[in-house]
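Visitor: I am new to this structure. Could you walk me through it?

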Amino acid sequence: VRAMFVGGISLVALGLGLIAGLTSISGGYLSVLPGLMVLAVGVGLTMTPGTAAITGSLPVEEQGVASALNDTVRELGGAVGIALIGSVLSAGYQSSVSDAVVGLPPQAAEVVKEGIGGAIALGSQLGPQGDAVVAAARNAFVDGLALSMWISMGLAIAAAVFAAVWTPSRAEEFAARDAARLDDDLDLELELESAASPLIAT
């Protein structure tokens with residue numbers, strides 16, 4: 001589990017790095033595709049051992065709790081991650097596009113700063129200046145995307161290191177499983193002895 005977990009997170013980090021480094025306006029979707037493919041493989045390798053680690057941490061009779069915890073952590077992590085990384089992308093975009101809106105009216109500049117969608121919609125109404133604004137907005141969006149992906153890559157690398165250090169090895173998993181099985185067998189023997197004691201006494 002640990003090898004697959006660490007390998008999957010490492011591929012996630014590599015995919016994020018490829019998206020950050022290769023994405024370009026001229027390359028279009030094809031410049032994003034390699035990173036997405038590596039990222040998808042990494043996510044696939046990470047999900048299964050992550051679920052196994054959560055469900056395996058609780059006894060069989062509490063697997064419902066483990067499944068609910070797994071779903072909650074996944075949904076909460078996804079929501080918080082999207083919000084944080086989206087905020088980084090937005091901040092990077094606004095920082096990069098600020099120079100391009102210097103000569104625009106305040107209301108138009110605010111529309112451009114709000115997002116690339118508004119910038120593209122406004123560009124068609126600005127005449128010759130619109131092409132420069134749209135080009136600047138696209139470059140700013142790529143800059144913001146790259147910044148958010150580099151930060152995400154750093155977080156993924158930190159997660160991979162954490163998983164390598166703290167995730168139990170296969171031998172440790174088997175030892176813990178055997179110990180839990182011995183405890184269950186001992187409890188069963190004690191229950192059988194307790195149940196048999198009144199019968200022997202009579």
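Visitor: Which helix gives the largest share of the lining of the largest pocket?

Guide: Keep in mind that this is a predicted model. The elements that give two or more residues to the lining of the largest pocket are α1 (2-22), α2 (29-56), α3 (63-97) and α6 (128-166). Ten residues, the largest share, come from α3.

Visitor: How many residues line the largest pocket, and which lie nearest its centre?

Guide: The space in this pocket comes to about 1,200 Å³. Its lining counts 29 residues. Nearest the centre lie V12, T46, M47, G77 and G78.

Visitor: Are α1 and α6 roughly parallel or roughly antiparallel?

Guide: The axes of α1 and α6 come within 8 Å. They cross at roughly 165°. Angles over 145 degrees count as roughly antiparallel. The pair α1 and α6 is therefore roughly antiparallel.

Visitor: Is that crossing left-handed or right-handed, and which residues meet there?

Guide: The crossing of α1 and α6 is left-handed. From α1, the residues in contact include R2, F5, V6, I9 and V12. Those in α6 include L145, M149, W150, M153 and I157.

Visitor: How does the contact of α1 with α6 divide by class?

Guide: Both helices bring several alanines, among them A13 and A20 in α1 and A146 and A156 in α6. The contact has one charged residue, four polar and 19 nonpolar.

Visitor: Why are α2 and α3 oblique to each other?

Guide: The α2 and α3 axes also come within 8 Å. Angles over 145 degrees would count as roughly antiparallel, and 65 to 115 as roughly perpendicular. The crossing of α2 and α3 is at roughly 135°. The two helices are therefore oblique.

Visitor: Which residues meet between α2 and α3, and is the crossing left-handed or right-handed?

Guide: In α2, the residues are M47, T51, I54 and T55. They meet Q63, A66, L69, N70 and R74 in α3. By class, this contact has four nonpolar, four polar and one charged. The crossing is right-handed.

Visitor: How are α5 and α6 set to each other, roughly parallel or roughly antiparallel?

Guide: Helix α5 covers residues 116-123. The axes of α5 and α6 come within 8 Å and cross at roughly 165°. Their crossing is left-handed. The pair α5 and α6 is therefore roughly antiparallel.

Visitor: Which residues make that contact, and how many are charged?

Guide: I116, A119, I120 and G123 belong to α5. On the α6 side are G130, V134, A137, R138 and F141. Six residues are nonpolar and two are polar.

Terms used. Residues numbered from 1 in each chain as written. Predicted model: local features only at pLDDT ≥ 70, side-chain atom pairs only at ≥ 80, totals over all residues. Heavy atoms only, no water. 1 Å grid on protein atoms, 1.4 Å probe; cavity = no way out; pocket = protein on both sides within 12 Å on 5 of 7 lines; lining within 4 Å. Points joined across faces, edges and corners; volume = space filled by probe spheres on them. Helix = DSSP H or I, 4+ residues; strand = E, 2+ residues; numbered from the N terminus. Axes fitted to C-alpha atoms, helices over the stretch in contact; angles between N-to-C directions. Parallel < 35°, antiparallel > 145°, perpendicular 65-115°, else oblique. Left-handed = near helix turned anticlockwise from the far one by under 90°. Contact = heavy atoms within 4.5 Å. Nonpolar A, V, L, I, M, F, W, Y, C, P; charged D, E, K, R; others polar.
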